[in-house]
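Trainee: I have just been handed a structure that is new to me, and I would like to learn how to read its features one at a time. Could we go through it together?

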Amino acid sequence: QVQLVESGGGLVQPGGSLRLSCAASGSIFSITEMGWYRQAPGKGRELVARINSGGTTHYADFLKGRLTISRDNAKNTVYLQMNSLKPEDTAVYYCYAQIATYYGGTYTRYWGQGTQVTVSS
């Protein structure tokens with residue numbers, strides 16, 4: 001009943017930029033935290049950035065300065081602006097959201113299907 005749909009991935013040259021989007025839809029009462037993880041080939045999933053409903057952000061140390069996470073609460077959408085991309089940023093990027101589907105309900109983490117980002121010349 002809840003869906004997260006990502007967009008904005010693709011192929012970009014080193015030094016380039018991409019903006020990822022993730023829109024949540026369905027039976028949503030409230031969303032607290034939203035964020036992004038990534039998984040490179042042969043590696044585990046790692047946190048990229050997260051943002052709470054008040055706009056407080058957190059970034060992975062190794063990505064600070066190159067990323068900006070933001071959200072539009074009216075649209076239930078989270079964005080990830082990535083600049084100065086490097087080949088090692090190549091990965092599948094997954095968004096998530098902590099969502100309660102009714103008043104007083106527990107918050108459950110929902111995931112998007114993933115979007116491929118490839119940084120290559």
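This is a predicted model: local features need pLDDT of at least 70, side-chain atom pairs count only at pLDDT 80 or more; totals for chains, interfaces and linings use all residues.

Trainee: Where does Val5 sit, and which residues does Val5 touch?

Mentor: Val5 belongs to strand 1, residues 2-7; helices (H or I, at least four residues) and strands (E, at least two) are DSSP runs numbered from the N terminus. Leaving aside residues up to four places away in sequence, Val5 touches Ser21, Cys22, Ala23 and Gln113, a contact being heavy atoms within 4.5 Å. Between Val5 and Ala23 the C-alpha to C-alpha distance is 5.4 Å, although they are 18 residues apart in sequence.

Trainee: Which residues does the disulfide join?

Mentor: A disulfide is a covalent bond between the sulfur atoms of two cysteines, and here a pair of cysteine sulfur atoms within 2.5 Å is taken as one. The structure holds one disulfide, which joins Cys22 to Cys95 with an S to S distance of 1.9 Å. Cys22 lies in strand 3 (residues 18-26) and Cys95 in strand 9 (residues 91-100), so the pair ties together parts that are 73 residues apart in sequence. Cys22 is buried, at a relative accessible area of 0%, and Cys95 is buried at 0% as well. The link of Cys22 and Cys95 is right-handed, with 50° about the S-S bond.

Trainee: Which residues of strand 11 form the covered face, and which the uncovered one?

Mentor: In a regular strand the side chains alternate between the two faces of the sheet. In strand 11 (residues 115-119), Thr115, Val117 and Val119 make up the covered face, whereas Gln116 and Thr118 make up the uncovered one.

Trainee: In which sense does strand 11 pair with strand 2, and in which with strand 9?

Mentor: Two strands pair if DSSP finds at least two bridges between them. Strand 2 (residues 10-12) pairs with strand 11 in the parallel sense over three bridges, and Val12 has Val119 as its bridge partner. Strand 9 pairs with strand 11 in the antiparallel sense, also over three bridges, with Ala91 bridged to Val117.

Key. Residues are numbered from 1 along each chain as its sequence is written. Side-chain values use heavy atoms; hydrogens and water are left out. Buried means under 20% relative accessible area, exposed over 50%, partly exposed in between (1.4 Å probe, protein chains only).
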